[in-house]
Amino acid sequence: MNETTLKRFERILAIYIQLQSKRIVKAQDLADRFSVSIRTIYRDMKTLEKAGVPLLADAGTGYSLMEGYKLPPVMFTPEETNSFVAAEKLMQQWADKSVSRHFSEAILKIKSLLRWEDKDRVNLLDEQIQVMRTRTVFKETAPNAMEILMKGISQKKQVYIRYQSFEADVPNERYIEPIGLYHENNFWYLLAYCHLRKGYRKFRSDRIEAIKATNLPFTITHDTLENLLQKENNPPENRGMQVKISMSKKTAKQLENSRHYYGFVAETIKDDSVEMTFWVQYHKEYFIHWFLSMGTRIRVIEPESIKHDIKEVIQRIQKEL
């Protein structure tokens, strides 16, 4: 915000306060007070009207607020004001730059309504809370990806992306119809209809190399994100395989934080061991390499086909030694 814009904002705010404190406010008096022209005051009044302030104007008298109009007081509990700090810290680390900036600006407006004792407490907490990000959430080449995707979702407009998929050697270009965003396992994911693949696909935020909004409308009426994700998480049998593995209780405890990355579905506790069920849907070799990294601590129960695949990978590794 430049100095001229800031001065205008402060003047309009002062005019609004003046309107609340007096029954009638003359345009000439306002012009004299702020050392501006009558025409400038007229423009300021138009701005207040556009913002929803119900003004009454009489050419021979002046301006007044509609009887009974007043912005309701906003009161926050200490716990609510404390939550602003945590929310802002999380947004700074887990949203893209533009969304994070807009959120910080919104929080700043809320903070301006707080009492001084609440402001002091919030400022103290702000210095004492940190959120560490251990990985890149959005590429530097697509710093406003989240904002563009949110606009595409709300306006039902297609979005162009250059995307580096897990299987491909180089990024490819796609036009997508963004349906919804969700956060899972420390990443943002987008569920969208992909015109390149002619079907619904999930896109991980850190693999979007470039992004651009378009004016192209959606070509399909889509179901809700919740319903589409339920279908995605309960795929037909021909879209993957169920794998059961066994391990000690100690190993199972160690895998609690990482197993969800590899299709974990459920676990069953036996007398001296734990059986885990995984749904290996897309990247079978990704699962196999994770399995091998556990060494002899885990073993496959079923199916036989995955055992054969694991042996083949081991043979390839041995050839490279």
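R174 lies in strand 4, where helices (H or I, at least four residues) and strands (E, at least two) are DSSP runs, numbered from the N terminus. This is a predicted model, in which local features need pLDDT of at least 70 and side-chain atom pairs count only at pLDDT 80 or more, while totals for chains, interfaces and linings use all residues. Residues are numbered from 1 along each chain as its sequence is written, and side-chain values use heavy atoms, with hydrogens and water left out.

Is R174 buried or exposed? With a relative accessible area of 6%, R174 is buried. Here buried means under 20% relative accessible area, exposed means over 50%, and partly exposed is in between (1.4 Å probe, protein chains only). The side chain of R174 makes a polar contact with the side chain of N172, at 2.8 Å. A polar contact is a pair of N or O atoms within 3.5 Å; within protein, one must be able to donate a hydrogen and the other to accept it, and residues adjacent in sequence count only if both atoms are side-chain atoms. Not counting residues up to four places away in sequence, R174 touches V159, Y160, I161, Y163, S165, C194, L196, R197 and F203, where contact means heavy atoms within 4.5 Å.

T214 counts as buried, at 17% relative accessibility. A polar atom of its side chain lies 2.7 Å from the backbone oxygen of Q158, and the side chain of T214 also reaches the backbone nitrogen of L216 at 3.2 Å. Leaving out residues up to four places away in sequence, T214 touches K157, Q158, V159, Y160 and Y175.

# Helix 7 and the residue after it

Which residues of helix 7 (residues 145-155) are buried? They are A145, M146, E147, I148, L149 and G152. The buried residues of helix 7 pack against helix 5 (97-111), strand 3 (157-163), strand 4 (172-184), strand 5 (187-194) and strand 7.

Just after helix 7 comes K156, with a positive phi of about 55 degrees. Most residues other than glycine have a negative phi, and most peptide bonds are trans. K156 lies in the loop between helix 7 and strand 3, and it counts as exposed at 51% relative accessibility.

# Two pairs of helices

Now turn to helix 2 (residues 27-34) and helix 3 (residues 38-50), whose axes come within 9 Å and cross at roughly 105 degrees. Axes are lines fitted to C-alpha atoms, for helices over the stretch in contact, and angles run from 0 to 180 degrees between N-to-C directions. Helix 2 and helix 3 are therefore roughly perpendicular to each other; angles under 35 degrees count as roughly parallel, over 145 as roughly antiparallel, 65 to 115 as roughly perpendicular and the rest as oblique. In this pair, A27, Q28, L30 and A31 of helix 2 meet I38, I41, Y42 and M45 of helix 3. The contact has 7 nonpolar, 1 polar and no charged residues. In this scheme Ala, Val, Leu, Ile, Met, Phe, Trp, Tyr, Cys and Pro count as nonpolar, Asp, Glu, Lys and Arg as charged, and the others, Gly among them, as polar. In the loop between helix 2 and helix 3 lies S35, which has a positive phi of about 55 degrees although it is not a glycine.

Helix 4 (residues 78-94) and helix 6 (residues 116-128) pack at an angle of about 35 degrees, and their axes are 10 Å apart. On the helix 4 side, P78, T81, N82, V85 and K89 meet D118, R121, V122, L125 and D126 of helix 6. By class, this contact of helix 4 with helix 6 has 4 nonpolar, 2 polar and 4 charged residues.

# The end of strand 11

E302 lies in strand 11 (residues 298-302) and counts as partly exposed, at 35% relative accessibility. Although E302 and V243 are 59 residues apart in sequence, their C-alpha atoms are 5.8 Å apart in space. Setting aside neighbours within four places in sequence, E302 is in contact with Q242, V243 and K244.

What kind of peptide bond joins E302 and P303? It is a cis peptide bond, with omega about 0 degrees. P303 is found in the loop between strand 11 and helix 11 (304-320).
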